[in-house]
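Hello,

Here is the structure I said I would pass on. My notes on its helices follow below it.

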Amino acid sequence: MQAGVTVAMQLGTRQTQIIGKASPFGIEGVIRLASAPLDRLHSRGRLDDDGARNSQLHDAGDKLRNHYYLGGLSGFAANDLNSTGGGHPSSRVPISETMESNRRTLRLAEAAMHAGDWKVVNAVVCLEADLEEAGRAVGCNNVHAANAVALDRLRRGLGALAELWGYSPPQRPTPAAPRAGNDTTSPAAVA
């Protein structure tokens with residue numbers, strides 16, 4: 001408080017974040033006191049062995065995390081002060097077009113990947129769970145298997161996001177677009 005920043009803690013996960021424009025570090029937004037799992041995986045080169053691909057996957061995950069935060073879903077966002085309240089989930093509706101736009105982008109990101117991949121990506125990137133927690137959430141009870149399955153699904157999911165948002169070219173060939181029936185460039189139409 002004396003430094004001019006707001007400190008917030010999620011009660012469920014006990015994660016602490018410094019929030020605010022009055023940051024002594026000259027950074028606006030959220031400053032983490034401990035690095036997030038996505039950032040740790042990126043800094044250790046575990047998202048991909050290729051350095052460029054590792055950065056692309058991190059950029060896609062970081063964009064998703066920002067959409068999650070700006071959509072007001074992180075638990076650190078303000079409640080809608082114009083709502084009727086009462087603690088009902090409907091009292092926490094989007095309060096701005098920006099929040100709704102970010103939530104729409106999250107829904108598109110979820111639709112771009114397999115449901116199992118989304119569950120892990122959401123847990124690791126947005127909820128900042130570690131790989132073991134995310135792996136156990138998808139049904140792996142062994143520690144090593146949970147880590148391996150979660151990392152594999154995280155890589156696939158972030159790869160789908162990197163393709164969707166243009167950070168990387170598609171990893172698989174894309175089918176050609178079907179030709180329209182009234183195509184004027186076909187030889188039959190020209191003759």
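Helices H2 and H6 are roughly perpendicular to each other, because the angle between them is about 80° and angles of 65 to 115 degrees count as such. Please keep in mind that this is a predicted model. H2 covers residues 51–70 and H6 covers residues 143–164, and their axes lie 8 Å apart. On the H2 side the contact is made by Arg53, Gln56, Leu57, Ala60, Gly61 and Leu64, which meet Arg155, Leu158, Gly159, Leu161 and Ala162 of H6. Sorted by class, this contact holds six nonpolar, three polar and two charged residues.

H6 itself has 22 residues, which should span 32 Å at 1.5 Å a residue; the distance between its end C-alpha atoms, 31 Å, agrees with that. At its N-terminal end H6 is capped by Asn142, with a side-chain oxygen 2.9 Å from the backbone nitrogen of His144. Just after H6 comes Gly166, with a positive phi of about 80°. The buried residues of H6 include Ala146, Ala150, Leu151 and Leu154, and the buried residues of this helix pack against H1, H2, H3, H4 and H5.

Helix H4 (residues 115–126) is largely enclosed by the rest of the structure, since ten of its twelve residues are buried. Among them are Trp118, Asn122 and Cys126. Their cover includes H1 (37–43), H2, H3 (97–111), H5 (131–137) and H6. From first C-alpha to last, H4 reaches 15 Å, close to the expected 16 Å. Glu128, which follows H4, has a positive phi near 55°.

Regards

Notes. Residues are numbered from 1 along each chain as its sequence is written. This is a predicted model: local features need pLDDT of at least 70, side-chain atom pairs count only at pLDDT 80 or more; totals for chains, interfaces and linings use all residues. Side-chain values use heavy atoms; hydrogens and water are left out. Axes are lines fitted to C-alpha atoms, for helices over the stretch in contact, and angles run from 0 to 180 degrees between N-to-C directions. Helices (H or I, at least four residues) and strands (E, at least two) are DSSP runs, numbered from the N terminus. Angles under 35 degrees count as roughly parallel, over 145 as roughly antiparallel, 65 to 115 as roughly perpendicular and the rest as oblique. Contact means heavy atoms within 4.5 Å. Ala, Val, Leu, Ile, Met, Phe, Trp, Tyr, Cys and Pro count as nonpolar, Asp, Glu, Lys and Arg as charged, and the others, Gly among them, as polar. The expected span of a helix is 1.5 Å times one less than its number of residues. Buried means under 20% relative accessible area, exposed over 50%, partly exposed in between (1.4 Å probe, protein chains only). A polar contact is a pair of N or O atoms within 3.5 Å; within protein, one must be able to donate a hydrogen and the other to accept it, and residues adjacent in sequence count only if both atoms are side-chain atoms.
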